[in-house]
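Here is a briefing on a single model. Please read it alongside the sequence and the coordinates.

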Amino acid sequence: MNATGNEDSQNIDERITNEMFVVRSLDEIRFWSRIMKEHSLFLRLGFRAEDTQLIEEANQFYYLFEQIEQKSFSFTNQADPGQIRLFNSEVQQAATSIFLFKRKVLQLILTCRLPGANNFPLLVDHISREANYFRKRLIELNEGKLKPLADAIIKENVFFLRIMADHAKFIGHLLDPSERKLIDIARNFSNDFDELVFQARDLESMKPQSQTGPLLDQFLDQNRVSVASLRDFKKTARDLIEECKIKSIIHPLLADHVFREAERFLAIIDMFEAHLTGKKHSG
Ligand SMILES: [Fe+2]
Ligand SMILES: [Fe+2]
């Protein structure tokens, strides 16, 4: 190949890398800014009527992430990477702010300064972990640092399996106590995912020796089966709540929210599987 040919292929490589950076960034921001916006709503609904300051702060975060969400849709995949880099760091700051707000609320709850408020401490901790995940993701994207595949597989699964275990616990606790059958199913999911979290941590502790193709492949397969069945349960619960067929204090938007997070985890598992084996899964 002559010098010009080299240059051409270099330009093409650079264009692909730039476009992947833009696509990845916009995808993360579109998904997680909607999630952050909804967290603000859930927090607000859990405050007491007299917590006007906290309600105001939650409302401000709602509008902040709504604006971010709208702005993310004004960019296309061909957007200038420099502009996206700036946008990422702007959103990263917003994610850091909402993370700090959630930790402050957790502190207030755990020191019994919000008696009678309706957000579980574990839920507030959970949504702060999601904010932290989002901000770290944006930092990684801007630094252009990609974790090695085997590391990413274990780390993402440890994170998301715990998120799924929490969801099962929230559903179980927010259903009306008279919904005995559904509470039983939720409790089984909670136990199942607690075990998967421990299994994932064991694999993590056996790193790097545990990072073989067959072990990682089996790890993903096993997790996929449980996540797909939890996703289906969440979908059923969401539909039943929307149709007002079950008794609970679960906001319909919360039911849909945890369903979307399970879908996201499944998509991540499938992406890892495709990278690992070069084959595609559906489901
Ligand atoms: Fe969430
Ligand atoms: Fe969640």
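C244 is not a glycine. Most residues other than glycine have a negative phi, and most peptide bonds are trans. This is a predicted model: local features need pLDDT of at least 70, side-chain atom pairs count only at pLDDT 80 or more, and totals for chains, interfaces and linings use all residues. Residues are numbered from 1 along each chain as its sequence is written, while chains are lettered from A and ligands numbered from 1 in the order in which they are written. Helices are DSSP runs of H or I with at least four residues, numbered from the N terminus.

**Backbone exceptions**

- C244 sits in the loop between helix 7 and helix 8 (252-277).
- C244 is exposed, with 8 other C-beta atoms within 10 Å. On this scale a residue is buried if 20 or more other C-beta atoms lie within 10 Å of its own, exposed if 12 or fewer, and partly exposed in between, with C-beta atoms placed from the backbone.
- C112 also is not a glycine and has a positive phi of about 60 degrees.
- C112 follows helix 3 and lies in the loop between helix 3 and helix 4 (121-143).
- C112 counts as exposed, with 7 C-beta neighbours inside 10 Å.
- K207 and P208 are joined by a cis peptide bond, with omega about 0 degrees.
- P208 belongs to the loop between helix 6 and helix 7.

**Helix 7**

- Its 30 residues should span 44 Å at 1.5 Å a residue, and the end C-alpha atoms of helix 7 are 42 Å apart, which agrees. The expected span is 1.5 Å times one less than the number of residues.
- Buried residues of helix 7 include L216, F219, L220, N223, V227 and L230.

**Helix 5 against helix 7**

- Two packed helices are described by the angle between their axes and the distance between the axes.
- The axes of helix 5 (residues 149-174) and helix 7 (residues 213-242) come within 11 Å and cross at roughly 30 degrees. Axes are lines fitted to C-alpha atoms, for helices over the stretch in contact, and angles run from 0 to 180 degrees between N-to-C directions.
- Helix 5 and helix 7 are therefore roughly parallel. Angles under 35 degrees count as roughly parallel, over 145 as roughly antiparallel, 65 to 115 as roughly perpendicular and the rest as oblique.
- The crossing of helix 5 and helix 7 is left-handed, a term for a near helix turned anticlockwise from the far one by less than a right angle.
- From helix 5, the contact takes in A150, I153, N157, L161, M164, A168 and I171. Their partners in helix 7 are L216, F219, L220, N223, V227, L230 and A237. Contact means C-beta atoms, placed from the backbone, within 7 Å.
- By class, this contact of helix 5 with helix 7 has twelve nonpolar, two polar and no charged residues. Ala, Val, Leu, Ile, Met, Phe, Trp, Tyr, Cys and Pro count as nonpolar, Asp, Glu, Lys and Arg as charged, and the others, Gly among them, as polar.

- Helix 3 (residues 81-110) has 30 residues and reaches 43 Å from first to last C-alpha, close to the expected 44 Å.
- Buried residues of helix 3 include I84, F87, N88, V91 and K102.
- The axes of helix 2 (residues 52-74) and helix 3 come within 11 Å and cross at roughly 155 degrees.
- Helix 2 and helix 3 are therefore roughly antiparallel, and their crossing is left-handed.
- L54, E57, F61, L64, F65 and I68 in helix 2 meet V91, A94, I98, F101 and V105 in helix 3.
- The residues of the contact of helix 2 with helix 3 divide into ten nonpolar, no polar and one charged.

**Two single residues**

- V197 lies in helix 6 (residues 180-205) and counts as buried, with 20 C-beta neighbours inside 10 Å.
- Beyond four places in sequence, V197 is in contact with V158, L161, R162 and A165.
- K247 is in the loop between helix 7 and helix 8 and counts as partly exposed, with 13 C-beta neighbours inside 10 Å.
- K247 touches D176, S178 and E179, leaving out residues up to four places away in sequence.
- The C-alpha atoms of K247 and P177 are separated by 8.7 Å, at 70 residues apart along the chain.

Definitions and conventions. Helix = DSSP H or I, 4+ residues; strand = E, 2+ residues; numbered from the N terminus. Contact = placed C-beta atoms within 7 Å.
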